[in-house]
Amino acid sequence: MSFSHFPRQQIGDFTVTAISDGYLTASFEFLSNIDATDADSIQRAAGESNPLAVHINCYVVQGGGRTVLIDSGAGGIKQWGGHLNANLRHAGIAPDAIDTVLLTHAHPDHVGGLMTSDGQCAFPNAELVVNERELAFWQDDANLARASERARGNFKIARGVFDGYHDQLRTFSTGEVLPGIQAMPLPGHTEGHTGFLVASHDAGLLIWGDIVHFPHIQIQRPEVTIAFDQDASLAAATRSRLLDSVSADGVLIAGMHLGELGFARIRRSKGEYGLAYETDA
């Protein structure tokens, strides 16, 4: 497979490529403010042949002498994803060429690809960059103590990653994390959930992390939340605010759970939002 087969956009001096890690499956029972029948019909109307499938995207930003990976997929944890490494190689990107990994947040389907099966760093030359509030949340023993059994496994995975990259770890609060890449706080899904705005010349792209998990459902119905949200009402408010701004401004967006095309714009018509995928630049 050649590099040209991966969805990509030219953002000024940056080339941004969507790299699929594969899929996970999530029950509609995880969703609130919608019943499963409605959720299924929205998915099917959008042409989703497997309505319960949630795609996992990662993004590579190249430019300014850097090769930056944003999130690492699930890495096969819980039989989710696991295709990032092979797809990076197909795209002509060697793991040791990645100099920075930016995290939107530390859920397993975003950090699972950071460690190899034998406990080594999958990107040995990369600095790992994470929101300071996100790091503090997962490192807090009080949060671990009150977590559900399912969530405790997430703490173990996140802490294993942070320990593995301990000597290569950098935190931020807000602002520019790398030249041309700005952090955007998008709270609700997790404590330090962050989007990254890639800007160069007059072009821009917002990589919005987990603003949606089921894009067709949650863009059409922004009030629909998912059990993985730490603060569901805040996540819904953040989503509504962001959908309003990116649709009004025509911003190109990317998201970790958009489909394999990776890049899209949000259209608003008759008071309802819709998803329009963008083809390669």
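Predicted model: local features only at pLDDT ≥ 70, side-chain atom pairs only at ≥ 80, totals over all residues.

Biologist: What should the 18 residues of α8 span, and what is the distance between its ends?

Modeller: Helix α8 covers residues 232–249, and at 1.5 Å a residue it should span 26 Å; the end C-alpha atoms are 26 Å apart, which agrees. The expected span is 1.5 Å times one less than the number of residues. Helices are DSSP runs of H or I with at least four residues, strands are runs of E with at least two, and both are numbered from the N terminus.

Biologist: Which residues of α8 are buried?

Modeller: They are A235, A236, T238, R239, L242, L243, V246 and S247. Seen down the axis of α8, the buried residues fall within an arc of 160°, so they line one face of the helix. The arc is that of the directions from the helix axis to the C-beta atoms. Buried means under 20% relative accessible area, exposed over 50%, and partly exposed in between, with a 1.4 Å probe and protein chains only.

Biologist: Which exposed residues does the face turned away carry, and what follows α8?

Modeller: The face turned away from the buried side of α8 carries the exposed residues S233, A248 and D249. G250 follows α8 and has a positive phi, near 70°.

Biologist: Changing topic, where is D109, and which side chain of opposite charge is nearest?

Modeller: D109 is in helix α3, residues 108–111. D109 is buried yet has no salt bridge, and the nearest side chain of opposite charge, K78, is 7.7 Å away. A salt bridge is a side-chain nitrogen of Lys or Arg within 4 Å of a carboxyl oxygen of Asp or Glu. For charge, Lys and Arg count as positive and Asp and Glu as negative, while His and the chain ends are not counted.

Biologist: What does D109 touch?

Modeller: Leaving out residues up to four places away in sequence, D109 touches L24, I56, G73, A74, W80, D210 and H257. Contact means heavy atoms within 4.5 Å.

Biologist: And K78, where does it lie?

Modeller: K78 lies in the loop between β5 (66–70) and α2. Although K78 is not a glycine, its phi is positive, about 60°. K78 is partly exposed, with a relative accessible area of 39%.

Biologist: How many residues has the largest nonpolar core?

Modeller: That core has 31 residues, and those with the most contacts inside it are V101, L114, F123 and F162. The largest share, five residues, comes from α6. A second, separate core of 23 residues includes V61, I181, V198 and A254. A nonpolar core is a set of buried Ala, Val, Leu, Ile, Met, Phe, Trp, Tyr and Cys residues joined through side-chain atoms within 4.5 Å.

Definitions and conventions:
Residues numbered from 1 in each chain as written. Heavy atoms only, no water.
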